[in-house]
Amino acid sequence: YQRRVHGDYCHVNVLAYEYEGYGIHSGEPSEDKIYNDAMRAFKYLTETRKIPAEKIILFGRSLGSGPTIDIAAQLFAPYNKNGLGFMACGCRPSKMFDYDHTKCPAGVVLQSPLSSVIGVVSSTLSHVAPSDMFSNITKMDKVQCPVLIMHGTLDTVVPCEHGKALSIRAPNLWQFYEMQGAGHNDMEENFTNDYLSTLMHFIHALERMAQQRRTQQELAAKVRTMNNDIKIRHLTSA
C-alpha cells in the first residue's frame with residue numbers, strides 16, 4: 001500500500017526491498033544483514049540500473065529508519081569534515097556541505113523513526129546499556145543531505161520524542177513535521193492530505209536545489225571557458 005501511495009501520488013519510481021529472514025526472504029535476520037541488504041538495494045539502483053545517486057531519495061519507516069540512516073551515514077562518511085556555510089532550503093537555515101552530489105542521495109525521509117531499539121523500551125536504559133541496536137541517534141549527525149522527518153503525536157509504538165531527538169541531531173534538517181493526532185500506522189490512510197503534501201513539498205524542494213546546482217555548474221563552466229579564451233588571446237597577442 002505504501003509503495004502504491006508513493007508511486008502513484010508522488011509520481012516517483014519506488015524500489016521496495018526485503019530483509020534477510022523477513023517475509024519471503026530466506027535466511028536468519030540480524031542487524032548487520034539488514035544493513036547489507038539495504039546497501040545492496042542502493043547499489044542495485046546505482047551500479048546495475050545506472051541511476052544517479054543524486055536522483056535517489058532514501059526512505060525509512062519505523063524499524064526501516066535504521067538501515068536508511070546507516071546507508072546515508074556510510075555514503076557521507078568521506079565528507080563529514082567538510083562543512084561549509086549555510087543555505088536556507090526548508091523550515092530553518094541548514095548547513096550546505098561540501099560533498100559529491102553524484103555519489104550521495106538527494107535526500108532522506110524518515111517516517112516514525114526510532115532513536116534506537118533500547119530507546120523505544122526506555123530512554124534511561126539507552127544511556128546505560130552496554131550495547132544497543134539500530135542506534136540511529138549516533139549516526140544522524142553524519143547525514144548531510146536534506147532530511148524530512150514525520151512523526152505522529154499519538155504514536156504509542158515509537159513515541160514522537162524519537163523523531164524529535166533525531167531532528168535535533170540532523171545537520172541538514174529540512175523539516176520535522178509533528179502530525180497532530182497521528183499514530184504509528186495510520187498516516188497514509190487517516191492523514192492522507194497532510195502526509196502527501198509534506199512529501200511532495202520535500203520532493204519539489206530537492207528538485208529546486210538540484211536545478212540550482214546545475215545552474216551554478218553551467219555558470220562555472222562558462223567562466224572557465226572565458227578565462228581560457230582570455231589566456232589564449234593573451235598568448236596570441238604576445
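# Aromatic pairs, sheet and buried residues in a predicted model

Visitor: How many aromatic pairs does a search of the whole structure find?

Guide: The structure shown is a predicted model. Searching the whole of it for aromatic pairs gives a count of five.

Visitor: What is the geometry of the pair formed by phenylalanine 76 and tyrosine 99?

Guide: A pair of aromatic rings is described by the distance of the centres and the angle of the planes. For phenylalanine 76 and tyrosine 99 the ring centres are 4.8 Å apart. Their planes stand at 90°, and an angle over 60 degrees counts as edge-to-face. The pair is therefore edge-to-face.

Visitor: Which parts of the chain does this pair tie together, and how far apart are they in sequence?

Guide: Phenylalanine 76 belongs to helix α3, whereas tyrosine 99 sits in the loop between β3 (93–97) and β4. The pair therefore links parts of the chain whose separation in sequence is 23 residues.

Visitor: Are phenylalanine 76 and tyrosine 99 buried or exposed, and which residues form one aromatic cluster?

Guide: Both phenylalanine 76 and tyrosine 99 are buried. One aromatic cluster is made up of Phe76, Tyr79 and Tyr99.

Visitor: How many bridges join β4 to β1 and to β5, and which residues pair with leucine 110 on either side?

Guide: β4 pairs in the parallel sense with β1 over five bridges, and it runs parallel to β5 with four bridges between them. Leucine 110 in β4 stands opposite glycine 60. In β5, its bridge partner is isoleucine 149.

Visitor: Which residues cover the two faces of β4?

Guide: In a regular strand the side chains alternate between the two faces of the sheet. In β4, five of five residues are buried. One side carries Gly107, Val109 and Gln111, and the other carries Val108 and Leu110.

Visitor: Which residues of β6 are the bridge partners of isoleucine 149 and methionine 150?

Guide: β5 (residues 147–152) and β6 pair in the parallel sense over six bridges. β6 is mostly covered, with five of its seven residues buried. Isoleucine 149 has phenylalanine 176 as its partner in β6, and methionine 150 has tyrosine 177.

Visitor: Why does leucine 166 count as buried, and which residues does it touch?

Guide: Leucine 166 is placed in helix α6. It counts as buried because its relative accessibility is 0%, and the limit is under 20%. Its C-alpha atom is separated by 8.2 Å from that of leucine 114, which is 52 residues away along the chain. Not counting residues up to four places away in sequence, leucine 166 touches Ile69, Pro113, Leu114, Ser115, Asn136, Ile137, Met140 and Ile149.

Visitor: Where does serine 62 lie, and which residues does it touch?

Guide: Serine 62 lies in the loop between β1 and α3. At 14% relative accessibility, serine 62 counts as buried. Leaving aside residues up to four places away in sequence, serine 62 touches Gln111, Ser112, Pro113, Leu114, Val158 and His184.

Visitor: How many helices and strands are there in the protein chain, and what share of its residues count as buried?

Guide: The protein chain has eight helices and six strands. Among contacts with a separation of 6 or more, 71% are between residues 24 or more positions apart. The chain exposes about 13600 Å², of which carbon and sulfur atoms supply 54%. Of its 238 residues, the share that count as buried is 43%.

Technical notes
Residues numbered from 1 in each chain as written. Predicted model: local features only at pLDDT ≥ 70, side-chain atom pairs only at ≥ 80, totals over all residues. Heavy atoms only, no water. Pairing = 2+ DSSP bridges. Buried < 20%, exposed > 50% of the residue type's maximum accessible area, 1.4 Å probe, protein only. Contact = heavy atoms within 4.5 Å. Areas by Shrake-Rupley, 256 points an atom, 1.4 Å probe, with all protein chains shown as cover. Phe/Tyr/Trp six-rings, centres within 6.5 Å; stacked < 30°, edge-to-face > 60°.
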